[in-house]
Amino acid sequence: MILKIVQTGDPVLRQGTTEVEPGRIGSPELQRLIELMRATMLDAPGVGLAAPQVGVPLRLAVLEDRAEVIAALDPADVRAKDRRPVPFQVLINPRLRVLNATPATFVEGCLSVAGFAAEVPRAHTVEVKALDHRGQPLSIVASGWHARILQHEIDHLEGTLYLDRMNSRTFTNVLAHPGRRS
Ligand code: ZN
């Protein structure tokens, strides 16, 4: 089963999220939501998905950047973006801290802004503290593309879209201009 991904303009993407009660993490409902978000992300396909994107205003996101996907990309582009495989990660109640604010600017898209992409500056290195799918504390230090995915997904939990951070003159319809697809 795949969930419907809501598109920009839907208020759920802008209203922010409430924390997941730690006691709820082991519940069948939350575990099922995590599994459905994973399936929906892989089907899209995407490298991250936040709960508001499936209409659920909870502080929860999933991400995964698969080696076989990266292997099919232009190696020079992969190197420039510092994109390396990221195993499936569940972030519950994540908090993000910028460790190196030096901006890296690349074209980025969003499953909730389907058909478009733009250049978005993101911090080089971030630290994320969260709970994992079992409710265990998780601490991640990430740079490069992994840091970008984390910033993008945690922005969703605050009701922020890349549209708020992009270099707006680079906003492009990737269906009409497929060369710009990230
Ligand atoms: Zn997004």
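Colleague: Which residues coordinate the zinc ion, and in which parts of the chain do Cys110 and His152 lie?

Modeller: The model is a predicted one. In it, the zinc ion is held by three residues: Cys110 through its SG atom, and His152 and His156, each through NE2. The coordinating atoms lie at 2.0 to 2.2 Å. Along the chain, these donors follow the spacing C-x41-H-x3-H. Cys110 belongs to the loop between strand E3 (86-109) and strand E4 (116-131), whereas His152 belongs to helix H4; the pair therefore ties together parts that are 42 residues apart in sequence. Both Cys110 and His152 are buried, that is, under 20% relative accessible area.

The helix itself deserves attention. H4 comprises residues 144-157, 14 residues in total, and it reaches 21 Å from its first C-alpha to its last, close to the 20 Å expected at 1.5 Å a residue. H4 is mostly covered, for 14 of its 14 residues are buried. After the helix comes Gly159, which has a positive phi near 80°.

The strands may be considered next. E4 pairs with strand E5 (residues 137-143) in the antiparallel sense, over seven bridges. Within this pairing, Val128 stands opposite Ile140 in E5. The hairpin of E4 and E5 has five residues between the strands, and in this hairpin Gly135 takes a positive phi near 85°.

Methods: Residues numbered from 1 in each chain as written. Predicted model: local features only at pLDDT ≥ 70, side-chain atom pairs only at ≥ 80, totals over all residues. Heavy atoms only, no water. Helix = DSSP H or I, 4+ residues; strand = E, 2+ residues; numbered from the N terminus. Expected span 1.5 Å × (residues − 1). Buried < 20%, exposed > 50% of the residue type's maximum accessible area, 1.4 Å probe, protein only. Donors = N, O, S within 2.8 Å, 3.2 Å for Na, K, Ca; no water. Pairing = 2+ DSSP bridges.
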